[in-house]
Amino acid sequence: GRETYSCVRPDYDNSEECAEDEYYCGEEGMKHFSLRPDPQVPWPTEEDAPDFRETTTEFYSVVEGLSERLFRTFAEVLGLESRDALLDVARRHTSALSLSNLMLGHEGEVVVPGHADITAFTILSHDPSRDASGTACLQVLSEGRWADLAPPKDGDPPSFLVNLGQIMERWSNGTLKATLHRVVRNDLSTTSGKRRQCFVYFRNTDYDTVLRPLAKAANGAGAVDGDRGEGKGRYQPEVMADYAQKRLAAFYTDVPVREAFAIYNKDVISRMDYLKLL
C-alpha cells in the first residue's frame, strides 16, 4: 500500500497581521491559507506522533531555504536581469510538502503514472537507510525510455534530488525541460520487503503570479510575442492558481486516469506521445 501525509505552508502563522492582508484573507487566498481559529495544518497530536510537527516544519524551512538558492541560480541560467527575479514572484508561495511511505510489491507495477510536476522544481529527499529503498522506485524518461536512477554508493553523503517542473520549462521558453518521471514498485523478493520513503517538496510561486516565458527560446525567438506579453506562442500567460486548477480538474471527473494525466502533461508532451509511454 501507500501512505501519504501532505501539508501546505506548515510555517504559516495566521495572525491578525496576516488576516488583514487581502492576499491571505481574500476569496482566492482562503483556498490556500487558513483564518483563525482554524489551523493552517491539522497536525496529529503530540501523543500520537511525538515531535512530528516540529520536525516537519523544520524540514520545510530547510528545503525552502534551498529553493531560494535554486531560484537565484536559475535566474542566472535564464539570463534574467535580477538574481531575485524568480524569487520575487514566489515569496508568498503555496508550496506543499508530501511525506510518502510506499510498500514495495510486484516489479514494474506503476503506482504513479508518468508526469512532470506543475512546479518550478521539486526537491526530493529519499531515505537511503538499509531498511528503505532510496530512489529504487523512481524512474525518469530518458531518450524515450523509462530509466532507473543510479542507486547511491556506500559512503555517499545524504543528498537531494531536484526535478525541474513545468513552470521552469515555461519560464525558459522550452530550453529547460521538465522532468517526466513515474513511481513503480520494485520486486518484493529482491528487496527484502524494503519500502520507499521520501519527503517531496513541491515548490511553486505565489498563487497570483502570471506564468509566462521569461527567457528567449532555444531557436532565438523572443520571450513573448507582442509588447504586452500576450503572445500566440506555445506558452500562453496564465495565473498560477488558474494554471494549476485547469491541469488538476480532470482528476476529479469521470475522465479516465490516463486521459487526466495527458491533460496534466499537455504543455510538455503531446497527448499521442504521452499515451504511447503507458
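In which strand is the place of valine 162? Valine 162 belongs to strand S7, which covers residues 161-164; strands (E, at least two residues) and helices (H or I, at least four) are DSSP runs numbered from the N terminus. The model is predicted, so local features need pLDDT of at least 70 and side-chain atom pairs count only at pLDDT 80 or more, while totals for chains, interfaces and linings use all residues. Residues are numbered from 1 along each chain as its sequence is written, and side-chain values use heavy atoms, with hydrogens and water left out.

Valine 162 counts as partly exposed because its relative accessibility is 34%; buried means under 20% relative accessible area, exposed over 50%, and partly exposed in between (1.4 Å probe, protein chains only). Together with Val62 and Phe160, Val162 makes a nonpolar surface patch of about 230 Å².

Attention now turns to helix H3. This helix comprises the 26 residues 52-77, and at 1.5 Å a residue it should span 38 Å, which agrees with the 37 Å between its end C-alpha atoms; the expected span is 1.5 Å times one less than the number of residues. Several residues of H3 are buried, among them Thr56, Phe59, Tyr60 and Glu64. Glycine 79, with a positive phi near 70°, follows H3.

A salt bridge requires a side-chain nitrogen of Lys or Arg within 4 Å of a carboxyl oxygen of Asp or Glu; Lys and Arg count as positive and Asp and Glu as negative, whereas His and the chain ends are not counted. Leaving aside residues up to four places away in sequence, glutamate 64 touches Asp11, His93, Tyr201 and Arg203, contact meaning heavy atoms within 4.5 Å.

Elsewhere, salt bridges do occur: the whole structure contains 14. One of them joins arginine 92 and aspartate 21 at 2.9 Å, N to O. This pair links distant parts of the chain, 71 residues apart, with arginine 92 in the loop between H3 and strand S2 (96-103) and aspartate 21 in the loop between helix H1 (16-19) and helix H2 (22-25). Arginine 92 is partly exposed, with a relative accessible area of 29%.

Arginine 247, by contrast, is buried, at 0% relative accessibility. Its side chain meets that of aspartate 267 in a salt bridge (2.8 Å, N to O). Arginine 247 lies in helix H5 (residues 240-248) and aspartate 267 in the loop between helix H6 (257-264) and helix H7 (271-277), so the pair ties together parts 20 residues apart in sequence.

Terms used: Patch = residues over 30% accessible without salt bridge, like charges linked within 9 Å, V, L, I, M, F, W, Y side chains within 5 Å. Areas by Shrake-Rupley, 256 points an atom, 1.4 Å probe, with all protein chains shown as cover.
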